[in-house]
Amino acid sequence: MSLEYLSALIAARSLEELWALHTRKMADFGFDRLIYGFTRFRAANSFGDRDDVIVLSNHSPEYVRNFVDKGLYKNAPMVRWAAKHVGTSSWRQVSERLARGELTPEELDVLKFNRGMGVIAGYTISFSEVSVRAKGAIGLTARPGLSQDDVERIWARHGDVIQLMNDVMHLKVHNLPYAAQRPPLTPRQREVLEWVGDGKTTLDIATILGVTQATVEKHLRLAREALDVETTAQAVLKAWFQNQIFRANTP
């Protein structure tokens with residue numbers, strides 16, 4: 001395993017830097033297209049609000065537009081597998097289910113779309129989470145020309161290393177700031193939420209910042225709207241989950 005790669009991954013200061021490192025390394029193993037999803041706001045029967053899901057991918061814009069933005073992922077066989085399992089799974093299981101006639105019409109539509117886009121062979125990793133509300137997974141698509149048999153041979157030789165590298169990448173995502181699909185909080189919104197998190201009242205915050213209570217309440221309201229929550233307590237929790245507050249070296 002490349003200690004240099006893991007050191008660079010751990011030292012990454014942004015999701016963009018992290019993803020660039022990871023996609024290059026996975027391509028070295030033959031997986032040239034990746035799609036990663038993570039949420040801390042999973043609901044009972046869904047991944048929660050799409051705007052709260054972080055999605056990273058180096059697939060083509062057309063693929064992402066259809067698979068993610070238009071919601072095809074909801075019926076993707078391997079996404080459904082990842083939602084209920086932890087660990088790794090070969091995409092061979094999709095072909096086996098197809099042969100047994102077990103795929104639903106919706107799953108068949110996704111399979112047809114994937115094959116048309118050259119997404120044919122690969123592996124999926126579903127990460128273990130501490131919280132029942134959190135879920136993360138990544139799909140590793142083999143480069144064109146590689147069959148599933150080729151992928152199985154790659155996994156037999158390097159699967160443990162590939163999984164560990166993806167586990168480290170996923171854990172690093174937990175420590176980087178992100179706003180998913182929503183606009184990030186402004187510096188002032190982050191500041192007032194941090195003071196609320198420290199137990200300060202709006203009067204306390206107004207005094208500390210040298211502004212009126214109405215100004216503080218305005219920033220709190222805008223923060224709630226930006227985070228799409230109803231209460232300030234929810235806003236503090238959500239902003240903390242997204243590493244948007246109490247950040248080191250906040251720009």
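This is a predicted model: local features need pLDDT of at least 70, side-chain atom pairs count only at pLDDT 80 or more; totals for chains, interfaces and linings use all residues.
View 1. Residues are numbered from 1 along each chain as its sequence is written, and side-chain values use heavy atoms, with hydrogens and water left out. In a regular strand, side chains alternate between the two faces of the sheet. Both faces of β4 are covered: Gly122, Thr124 and Ser126 are buried on one side, and Tyr123 and Ile125 are buried on the other.

**View 2. The sheet as a whole.** An open sheet is formed by 5 strands in the order β2-β1-β5-β4-β3, and the pairing is antiparallel. The edge strands, each pairing on one side only, are β2 (54-57) and β3 (87-90). From one strand to the next, the twist averages 10°. Strands are DSSP runs (E, at least two residues) numbered from the N terminus, as are helices (H or I, at least four), and two strands pair if DSSP finds at least two bridges between them. For the angles, axes are lines fitted to C-alpha atoms, for helices over the stretch in contact, and values run from 0 to 180 degrees between N-to-C directions.

**View 3. The pairing of β3 with β4.** Strands β3 and β4 (residues 122-126) run antiparallel and are joined by 4 bridges. Glycine 87 stands opposite serine 126 of β4, and serine 90 stands opposite tyrosine 123 of β4.

**View 4. The pairing of β4 with β5.** Here 5 bridges link β4 to β5, and the two strands run antiparallel. Glycine 122 stands opposite threonine 141 in β5.

**View 5. Strand β1 and its two partners.** Strand β1 (residues 31-39) is mostly covered, as 7 of its 9 residues are buried. Antiparallel to β1 runs β5 (residues 135-142), joined to it by 8 bridges; glycine 139 in β5 is the bridge partner of isoleucine 35. Strand β2 also runs antiparallel to β1, and 4 bridges join the two. Leucine 56 in β2 is the bridge partner of tyrosine 36.

Methods
Buried means under 20% relative accessible area, exposed over 50%, partly exposed in between (1.4 Å probe, protein chains only).
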